[in-house]
Amino acid sequence: MSNLNELVKINSQETGAFSATKNRVSFVIPESADVVDLSKSYINVNMSLNGDGTNISASNVAFTDFASDAYDVDPCMLVKNITVDCAKKGLLESIRRADIYSSMKKQYEDDDQDKEDDNHLGLNCPRGKNKFALTPFRELNVDRASRELDHDVRIPLKDVIGLGAVPQYDLSKFGRTKISCEMNFDKLAASFSLGNGDNSWSDDGNELGACTDDTNNSGGNQDQIVLITSKSYEIEDFRYESPFWVGQQLAVTRTDRVDTRTVNVSVANVGYNSGNKKLYVTTSPAYGNSANGTSIQTITVKGVNPTTNTLVINSAELVVEYNSDKNAPSQVSIMTATTEEDNGSGRESLNKQYMVEPEAMSVMVCFPEANSIYSNKPFTSYRISVDNEPLTNRDVERDSPLDYDRKARYMQNKGKAVSCLRQKNLNKTEEPKTSEDNSVRYDRDNNSIIEALPITSDMKKLGLEINSTASHPIHEMVLFKEMLKTL
C-alpha cells in the first residue's frame with residue numbers, strides 16, 4: 001500500500017470505556033515493508049466530560065495526585081509503565097515508573113511557555129491574568145451556543161520512551177511491534193472552574209463578579225435582563241477574556257424594588273460596548289425588576305456549580321506516521337533507563353551505595369511522596385561519588401549555583417540544553433492578580449538529583465549522600481539509570 005505522508009490510527013487491543021481498574025492499553029503495529037516515524041507518533045486517549053445539558057460549565061480533567069488536583073499536568077504523566085517488544089528482536093525497551101521519569105525530564109527540557117502552550121492537547125488549561133476559564137473539553141462562545149466536546153489527550157511517544165525518538169523504525173527488520181502501557185487512570189477526576197466557590201469572582205476587589213447598577217428609564221416597571229460588567233475589556237481580547245459564555249448559569253445577587261436575593265439565570269448572549277469597554281451579558285430569565293427611574297443595585301455574580309460533571313474515558317488509539325522514504329539505518333540508538341526503587345525509611349540523612357550498569361551515562365534520583373508522581377522532596381543538599389571518587393569537592397545545596405551547574409552538565413551530557421531551572425510546578429488554579437508576576441503560580445517543589453556519570457568497564461558503585469530535615473524525612477526514592485542502547 002502507499003504510505004506517502006500517511007497517518008494510520010491503530011485502536012487499542014483493549015476496548016473502552018476505561019477506568020481506574022481497567023487501566024491497560026496496548027497497540028500492535030503490524031509487520032510490513034514500511035518505515036515509520038515514531039518521533040511524530042503519539043497515543044490519543046479520548047475523553048469526555050458529560051454535563052446535565054442545561055449548564056455549560058468550564059469543566060476540566062483534574063489529576064488528583066498526592067491529595068491535590070491544583071497542578072498542571074503534562075499528558076506524559078498518564079503513562080505509568082511502558083514496554084515495547086517486537087517479533088524479530090524480542091524486548092526492545094521497558095521503563096517502570098515512566099510517569100515520574102518523563103515528567104521530571106520535561107521539567108528541565110521545556111520552558112515555562114512550552115508547558116503552557118501544549119495545554120490544548122492535554123487535560124486542562126492553566127488560567128492567566130485574564131482569568132478566563134479555558135478548557136479543551138468545551139467550546140465556550142459569547143455569541144452562539146456553547147457545547148461540550150470529546151477531547152483527544154495526546155501523549156507523544158518521544159515523551160515517554162526512548163524508542164519514541166526514532167524517526168526511521170523499520171517494520172521489516174523489527175517485525176510486528178507491540179506497545180503496552182499501564183495508565184494512571186485512577187488519578188483522573190472531573191473538575192471545573194468559575195463555579196460558585198471560585199475565588200476569581202472576588203479577586204482584585206470583586207473585579208470579575210461586580211456589575212454596575214442598572215437604571216430603568218422605560219416609563220414603567222421593567223424586567224432587567226442585561227448585566228453590565230464593572231470591569232473593562234479591550235475589544236480585541238474580550239472574546240477570549242470574557243468570564244461569561246452562552247449557556248453558562250450564573251447566580252446573580254441584587255437588590256431591586258421587591259427584595260434583596262440571589263437568582264439563578266442562564267447567559268443568552270455576551271455583547272461588547274466599544275464606548276465604555278464593558279461587557280453586556282443578556283440573561284434568561286430576567287434577574288430582577290425595577291420601577292421607572294429606579295435602579296437595581298449592588299449587583300454581583302458568581303457561577304453555578306454543575307449538577308452533573310462525569311468523566312468518561314472513551315477509547316485509546318496509537319497514531320503512527322509512515323515515512324514515504326523506505327530506507328532505514330541498519331541500527332538505531334536510543335536513550336533509555338533502568339529503574340530501581342528504594343526507601344529512606346524516614347531518615348533525615350541517607351548515605352548509601354547502589355550498583356549501576358557500566359554503560360550508564362547519567363542518573364536521576366526522584367523523591368515522590370506516597371501515591372504521588374511529583375518529585376517534591378525539599379531536601380537540603382546531596383553529594384555523589386562513583387567508585388568512591390566524589391564528583392564534587394563539596395555538598396551540592398539544592399537550588400544553588402552548583403546545583404544548577406550539575407543539572408546543566410547532565411543535560412549537556414545528553415546533547416540537550418537546559419530550558420528551565422524553575423524547579424516548581426505550575427498551579428493551574430492560581431490566577432495572578434494584575435499587579436503580580438506570573439511566578440506566583442509556581443508554588444510547589446518538583447525537583448530531583450541528576451548527574452552525569454562516567455562510562456566504566458565494569459559495574460560501578462554509585463555513592464549517594466542526601467541531607468534533609470526532620471520536617472521532610474526521606475521516604476520513597478526512585479533511581480533512573482540512563483544509558484544508550486543500540487538496536
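Student: Which residues does Val 252 touch, not counting residues up to four places away in sequence?
Tutor: Val 252 touches Leu 227, Arg 261, Thr 262, Val 263, Val 265, Tyr 287, Ile 299, Thr 300 and Val 301. Contact here means heavy atoms within 4.5 Å. This is a predicted model, where local features need pLDDT of at least 70 and side-chain atom pairs count only at pLDDT 80 or more, while totals for chains, interfaces and linings use all residues. Residues are numbered from 1 along each chain as its sequence is written, and side-chain values use heavy atoms, with hydrogens and water left out.

Student: Why is Val 252 called buried?
Tutor: Buried means under 20% relative accessible area, exposed over 50%, and partly exposed in between, with a 1.4 Å probe and protein chains only. Val 252 has 0% relative accessibility, so Val 252 counts as buried. By that definition, 52% of the 487 residues in the protein are buried.

Student: Where is Val 252, and how far is its C-alpha atom from that of Tyr 287?
Tutor: Val 252 belongs to strand 17 (residues 249-255). Tyr 287 is 35 residues away along the chain, with 6.8 Å between the two C-alpha atoms. Across the protein, 78% of the contacts between residues at least 6 apart in sequence join residues at least 24 apart.

Student: What makes a stretch a strand or a helix?
Tutor: Both are DSSP runs, numbered from the N terminus: helices are H or I with at least four residues, strands are E with at least two. The protein has 7 helices and 33 strands.

Student: What makes strand 4 mostly covered?
Tutor: In strand 4 (residues 58-63), 6 of its 6 residues are buried. On one side these are Ala 58, Asn 60 and Ala 62, and on the other Ser 59, Val 61 and Phe 63.

Student: How do you know that strand 4 and strand 12 pair?
Tutor: Two strands pair if DSSP finds at least two bridges between them. Strand 4 and strand 12 (residues 188-193) have 6 bridges, in the antiparallel sense, so they meet the definition. Ser 59 stands opposite Phe 192 in strand 12.

Student: What is the strand order in the open sheet of 4 strands, and which are its edge strands?
Tutor: The order is 2-11-5-6, with antiparallel pairing. Strand 2 (24-29) and strand 6 (90-95) are the edge strands, as each pairs on one side only. Strand 5 (residues 79-86) pairs with strand 6 over 5 bridges, and Asp 85 has Leu 91 in strand 6 as its bridge partner.
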